[in-house]
Structure formats: C-alpha cells, structure tokens
Amino acid sequence: MSKEKIALFTIFGGTGDLAQRKLYPSLFKLYQKGYLQDHFAVIGTARRPWTDEHYHEIITDSLASLDADAEKVKAFASHFYYQSHDVTDAQHYVTLKRLSETLDAQYGLQGNRIFYLAMAPNFFGTIAQHLKSENILTNNGFNRVIIEKPFGHDFESAKVLNDELTATFDENQVYRIDHYLGKEMIQNISAIRFGNNIWEFLWNNRYISNVQITLSEKLGVEERAVYYDNSGALRDMVQNHILQILSLLTMDQPVEFTENDINIEKVKALRSLRPYTPAEVADNFVRGQYAADGDIKDYRSEDKISPDSNTDTFVAGKVMIDNFRWSGVPFYVRTGKRLADKFTRIDVVFKRPIVNIFNHDNNASDSTNELAPNVLTINVEPTEGFELRMNAKCVGQGFATTPIQLDYDHDSEATANSPEAYERLLHDALNGDATNFTHWQEVAYSWKFVDVIQKYWDEHTPDFPNYRPGTMGPAASDELLKRDGNEWVYKE
Ligand code: NAD
C-alpha cells in the first residue's frame, strides 16, 4: 500500500516565523520520506504581496540547513502557491476558494483540506467563520484545522475561542498543537508505563514518593517579548506542556491505545487535579523573575518589556491529584527562563524500603548505609533516554550499600534521524490521528486549574526580581520541597 498522503494545505501566516522555521522544513521531510509525493499542494497566505516565484525562494531558503538535493527542493517548492490575503477581508476568501478548487483538480487532491492557522489566535474565529461562509470546506474529502498555542489566556477566553472554532469545525476536526506531545520521549511515557510490568504495578501512591517535572530554559525572553510579557511562565508552559506531561504520567491505563481511549483517561486525570484556594496558592506555588547578572540584563530591562512588569519568568509548584492512585503524592513542577541549563526531564522518586536491614555496618567509610530512594529519570531533551538509580553493595569487605545508576540513551544516530515534533504532528494530522494533540476538555480543565493561581498572583504584588540567571530559580522553589522532606533530584 502506498504511504502517500493526499491533501491541500492552506497555511494562514505563510510568511511568518513558525511557517518558515518549522512548517516548511517538516513538510519537506515528509516529502523526502514519500508521505507527500505528487498529490499535495500548499497555499501560503499572508498580507504581503509576494509572487509565487518569491514564495518559492522563501521555501528554498527555509530548507537551507537541511543540505538537500537542489532538484528535490525545486520539485517540492513547485507545489507551493502564494496568495496575498487579509484574513479579515471576505473578498479574499473568494479568491482562495477558486485557487483551492483549481489546485484540487490539478493535483488530484480528492477534497482533502488541512488549514494551518499559523497566526495570532485573535484571527482564528474570523478565519473559521469565513471558511464556512465562503464554502471553502469540502464535502467529498476531509477538512481539518491545526492551531497553535496560546489557546486562550484563561478558561473564559479559551471557551470563546473554542466556540468560534467549533461553529465551523467539529471537535474531531480540530488539531491543537502542543509540540511537547510530538517529542519522542514524551511519547515514550506510555511505552514504558504500559509496556513493562515492573513499572505499572509500582505506579501509585504506595510506592512513589513524589514526581518532578522540569522544563528548564537557559535563554531569556528573546524575540517573543511582547507575547511573553502578557503571558508568563505559568500560562506559557504550565497550562499546556507541563499539565499535558502530567496527565500522561498519571492517567490510568486506556482500554486500548487509541486517541479516544487515551483522551478519556487524560481528561479523568486532569479533572482530578486538586483546585487550590487562594491561601493554598501562596503555600504551593512559587513565582520568580530573573535579575541582572554581569552582561545579562534583568527581565524588566529587556527590549519591549515593561520596566515595572510583574510577569513570572519562573514558576515552581506542588500539584496534587485527588484520586485513588495518586492521593498524597506531590507532583513538583518547575519551568523558567535564564536557568542553569536547557533541558526537560521527569524524575519519578520512589519510596525507600520500609525497613533498612543494612544499617548495622559502619565499617565502610566511603559508603552510606542510608538507603537512597530509587529514581527513574526520563530525559526528554537534549539527551533522550532513561536513568535508574538503585542501591547496590559497595565493592569490598563489609556490607554497606551505595547508590548506582543504570543509564540508557537513545542511539545518537537514531535520534538525529528521528522526526522533529512538527514533522511527526503534521504526519499525524494527515493520518487523521489526533492522539498527540490536545483535546478541548483537556484544555478546559487545565485552564481551570491554572486560573486560580494566576488570579491570586494578579491580586498580590510580587517581590521581583528574585533569582539570579544561571541558577534553578528562587530559593523558595527549594523550600517548597524541603517542607515535605523532599528535594529536587536535579540541582544546578
Ligand atoms: P509571525 O508574527 O512571525 O507570523 C504571523 C503571520 O500572520 C505572518 O505571516 C503575517 O503576515 C500574518 N498576518 C498577520 N495579520 C494578518 C492578517 N490580518 N491577514 C493575513 N495575514 C496576517 O508569528 P509566528 O511566530 O509565525 O506565530 C504564529 C502563531 O504560532 C502564533 O499564534 C504564535 O503564538 C504561535 N506559535 C509560534 C511559535 C514559533 O516558534 N514561532 C511557537 C509556538 C506558537
């Protein structure tokens, strides 16, 4: 059976950063691998008055780092068409419809359409509405819409956005990108949990002490300053990526490994998040903003950032899940900018053995008789792999124990050749598989959890800046765990 997928892509925001940095290279990789062959076309739309020829140059430039065969690139770029289009102008959709129909006939696209909204979300509603009113959706093929974060800035705005989209598209036609769900090691969470008896039986509050999720960035706010200053770390990272990872770590086993069954379990997990009262927010969530250090400016002095900004560039929190499996287990999450390093990791810390039968031997001076907890670490990026900390006997006389570590990293060649998140997700969207996209109920419960924290923060003035670049955030983040007798597994 041919693996070729057939579709017309219409990319709104075709001149933008996302399109050029992520979408065009990912589509090209799908083309190189034969998932896209003769029967695809791409319409790029934006306001600039580009010609098709100029658009082809942009496509070619966006692939420069791939070092690909020039003829292949040329053939690929020939499938791209540019239409100057203001998404608020109904007349432009008439031209878009005509071009879509021409390309459908020319490339034999069978009415299959994917609309990629690579634009600010305030345009989603108007685009969706016009796609319907101008009859750009087809009856003979599939119609899917892919959208980017941010999906609202709180539950209410997310609901408005969702209502606008679902006035045109059914929920099963909406593909909400969370690029973390396209990452190899995030997809691996389900593989190790449900593919190994040794983990799933221990995956509960009887054996797990706490779980830590860290999404750490080394850079500052960079070019997304205006967006970021209105968002902050809690909205930008916790509401989506961190709660999605948490739902995959905590969901019950789906009946089958299918989109629908996984969604059911993720929603149940997110519904079980313990909502905090305002007083509990103060005790369980820490926010931070980076200070200056040497040549590094403090956040408030960055370009396009308000000098009195109270935006959080760091957040650490303790999340509790009130269900049978997880009751009493803290999930510590943290993310921030200008931290010690760039990485994403998950640490699952197991409870120590109930009785330590080895603590009678004090002869071995270079070892410890205190049994360290077992820790399973899932390294998501840049390293992709697993670590397992165990206790073993110290080599030599006597009987003392010492922690040892088992390490597995994916083969670097396999990792280098493995598809980037956007390539994977575009492929899934072509296949009609939304497993690794965020569903509305998941978005809704995540916002409801985060809104309480944000509201409390908005009503209380923080003492910013409060952490030094190159560290793992404010001291209060360490104290959050210390209070429970725990500590971060990763320390700078
Ligand atoms: P961008 O500003 O680089 O591009 C925006 C595009 O929209 C441009 O092509 C612009 O011409 C077009 N546009 C703006 N107003 C228009 C109008 N009235 N009619 C027609 N076209 C119009 O933005 P971006 O960085 O490419 O981001 C696009 C979306 O993706 C945003 O929602 C952003 O939050 C999200 N996103 C981007 C990234 C990223 O890495 N760039 C990452 C995550 C999410």
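## Contacts, rings and helix packing in a predicted model

Ser 26 lies in helix α1. The structure described here is a predicted model. Ser 26 has a relative accessible area of 3%, so this residue is buried, the limit for buried being under 20%. Leaving aside its neighbours within four places in sequence, Ser 26 is in contact with Glu 420, Tyr 422, Glu 423 and Leu 426.

Another buried residue is Ile 208, with a relative accessible area of 0%. Ile 208 is found in strand β7, which covers residues 208-216. Not counting residues up to four places away in sequence, Ile 208 touches Leu 202, Trp 203, Trp 326, Val 329, Val 348, Val 349, Phe 350 and Lys 351. For one of these, Val 349, the C-alpha atom is separated from that of Ile 208 by 6.0 Å, although the two residues are 141 residues apart along the chain.

The next topic is aromatic rings. A pair of aromatic rings is described by the distance of the centres and the angle of the planes. The count of aromatic pairs in the model comes to 30. One of them joins Phe 28 and Phe 76, with 5.1 Å centre to centre and 75° between the planes, and this pair is edge-to-face. Phe 28 belongs to helix α1 (residues 17-32) and Phe 76 to helix α3 (residues 70-77), so the pair ties together parts that are 48 residues apart in sequence. Both Phe 28 and Phe 76 are buried. They are also members of one aromatic cluster, formed by Tyr 24, Phe 28, Tyr 31, Phe 40, Trp 50, Tyr 55, Phe 76, Phe 80 and Tyr 82.

Rings also take part in arrangements with arginine, listed below.

| Arginine | Ring | Distance from ring centre |
|---|---|---|
| Arg 176 | Phe 151 | 5.1 Å |
| Arg 334 | Trp 488 | 3.8 Å |

In the Arg 176 case, the charged end of the residue sits over the ring of Phe 151. Arg 334 lies over the face of Trp 488.

The last topic is helix packing. Two packed helices are described by the angle between their axes and the distance between the axes. Helix α10 (residues 233-250) packs with helix α11 (residues 259-271) at an angle of about 110°, and their axes are 9 Å apart. This angle makes α10 roughly perpendicular to α11, because angles of 65 to 115 degrees count as such. On the α10 side the contact is made by Leu 243, Gln 244, Ser 247, Leu 248 and Thr 250, and on the α11 side by Lys 266, Ala 269 and Leu 270. The residues of this contact divide into four nonpolar, three polar and one charged.

Conventions:
Residues numbered from 1 in each chain as written. Predicted model: local features only at pLDDT ≥ 70, side-chain atom pairs only at ≥ 80, totals over all residues. Heavy atoms only, no water. Helix = DSSP H or I, 4+ residues; strand = E, 2+ residues; numbered from the N terminus. Buried < 20%, exposed > 50% of the residue type's maximum accessible area, 1.4 Å probe, protein only. Contact = heavy atoms within 4.5 Å. Phe/Tyr/Trp six-rings, centres within 6.5 Å; stacked < 30°, edge-to-face > 60°. Lys NZ or Arg CZ within 6 Å of the ring centre and 35° of its normal. Axes fitted to C-alpha atoms, helices over the stretch in contact; angles between N-to-C directions. Parallel < 35°, antiparallel > 145°, perpendicular 65-115°, else oblique. Nonpolar A, V, L, I, M, F, W, Y, C, P; charged D, E, K, R; others polar.
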